[in-house]
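Student: I am new to this structure and would like to go through it step by step. Could we begin with a term that will be needed on the way?

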Amino acid sequence: MTVAAERMLLTGGSGRLGRELQRLLAGIAAPGHDELDVTRAESVAAALDRLRPEVVIHAAAYTDVAGAERDRAECWRVNVDGTRNVVAAAAGRGIFLLHLSTDYVFEGTTGGYREDDPPGPPCNYYALTKLVAEALVRFAPRHLVLRTSFRPRDWPYPQAFEDLFTSQDYVDIIAPEIALAASRCLEIPYNTLHVATERKSALELARRRRPDVQSASKKQASVRLPDDISLDTARWRQLKQRWSHP
């Protein structure tokens, strides 16, 4: 059963992924911060009562990994308290919750993580808040945790790490995949799904759109980063194959 975009509500619509999803899912409700502030429970409840969605896509998040170390309170407020408010409002109204999570819930030592692999221990504070957020989402009777990872359309830095391996991709490549998963979320037979592309170094990814990017090491970063955070996407590939050959 496909969910029409008009029956969906998106949190975090002003973010990088949120803007892409609004282009792909014409008609989706994406209230601005003044109408829907996830850190305020009454704001979330009012928005859901007013718009009455069938599915909530929870994309609002504090995503600055280095910034999270400097402002832990704000990161927790958005990623944990905000998610708690969305979970409570959606669960109390019988609304399906699609929660956007991250590969950072894994330790990042071995890579190739499957949906059922145990998460943690988190390698930094941002990872901790996203791991706690996932645990909160599990309390919603109807939910899907979708783990993914993406970059802006253009690589924004002059350097990229050659020793950090990932399955993330550019947002214009990942967003259509997430839009497809959202439209079919009610028929996905799992409560956790990995949506990403193949394993590669951050440097390899960067040079796909900016060939002059210079090599760097994650040892230079101001925050602890994983070695290999790549995700196994077999579930997602099998679902897409099934949908294309019913």
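Predicted model: local features only at pLDDT ≥ 70, side-chain atom pairs only at ≥ 80, totals over all residues.

Student: What does Thr 166 touch, leaving aside residues up to four places away in sequence?
Tutor: With those set aside, Thr 166 touches Asp 103, Glu 198, Arg 199, Lys 200, Ala 202, Ile 229 and Ser 230.

Student: And which backbone nitrogen lies 3.0 Å from a polar atom of the Thr 166 side chain?
Tutor: That is the backbone nitrogen of Gln 168.

Student: Moving on to helix α2. Which of its residues are buried?
Tutor: The buried residues of α2 are Ser 43, Val 44, Ala 45, Ala 47 and Leu 48. The helix itself spans residues 41-51.

Student: What covers them?
Tutor: The cover over the buried residues of α2 includes β1 (8-11), β2 (55-58) and α4 (72-92).

Student: Could we look at Val 44 by itself? What is its relative accessible area?
Tutor: The relative accessible area of Val 44 is 2%, and the residue is therefore buried. Not counting residues up to four places away in sequence, Val 44 touches Leu 36, Asp 37, Val 38, Asn 85, Val 86 and Ala 89.

Student: How do α2 and α4 cross?
Tutor: Their axes cross at roughly 35° and come within 9 Å. The crossing of α2 past α4 is right-handed. On the α2 side the contact is made by Ala 41, Val 44, Ala 45 and Leu 48, and on the α4 side by Asn 85, Val 86, Ala 89 and Ala 90. By class, this contact has seven nonpolar residues, one polar residue and no charged residues.

Student: Why do residues three or four places apart point the same way in an α-helix?
Tutor: An α-helix has 3.6 residues a turn, so residues with that spacing point the same way.

Student: What follows α2?
Tutor: Arg 52 follows α2. Arg 52 lies in the loop between α2 and β2, and its phi is near 50°, a positive value in a residue other than glycine. Since its relative accessibility is 60%, Arg 52 counts as exposed.

Student: Back to α4, then. At what angle do α4 and helix α5 pack?
Tutor: The angle is about 10°, with the axes 9 Å apart. Angles under 35 degrees count as roughly parallel, and α4 and α5 are therefore roughly parallel to each other.

Student: Which residues meet there?
Tutor: Among those of α4 are Arg 72, Trp 76, Val 80 and Val 87, and those of α5 include Tyr 125, Thr 129, Ala 133 and Val 137. By class, the contact of α4 with α5 has ten nonpolar, three polar and three charged residues.

Student: How do helices α6 and α8 pack?
Tutor: Helix α6 (residues 171-183) and helix α8 (residues 234-244) pack at about 65°, and their axes are 12 Å apart. That angle makes α6 roughly perpendicular to α8. The crossing of α6 past α8 is left-handed. Glu 177, Leu 180 and Ala 181 of α6 meet Trp 236, Lys 240 and Trp 243 of α8. The contact has four nonpolar, no polar and two charged residues.

Note on methods: Residues numbered from 1 in each chain as written. Heavy atoms only, no water. Axes fitted to C-alpha atoms, helices over the stretch in contact; angles between N-to-C directions. Helix = DSSP H or I, 4+ residues; strand = E, 2+ residues; numbered from the N terminus. Parallel < 35°, antiparallel > 145°, perpendicular 65-115°, else oblique. Left-handed = near helix turned anticlockwise from the far one by under 90°. Contact = heavy atoms within 4.5 Å. Nonpolar A, V, L, I, M, F, W, Y, C, P; charged D, E, K, R; others polar. Buried < 20%, exposed > 50% of the residue type's maximum accessible area, 1.4 Å probe, protein only. Polar contact = N/O pair within 3.5 Å; in protein donor to acceptor, adjacent residues only side chain to side chain.
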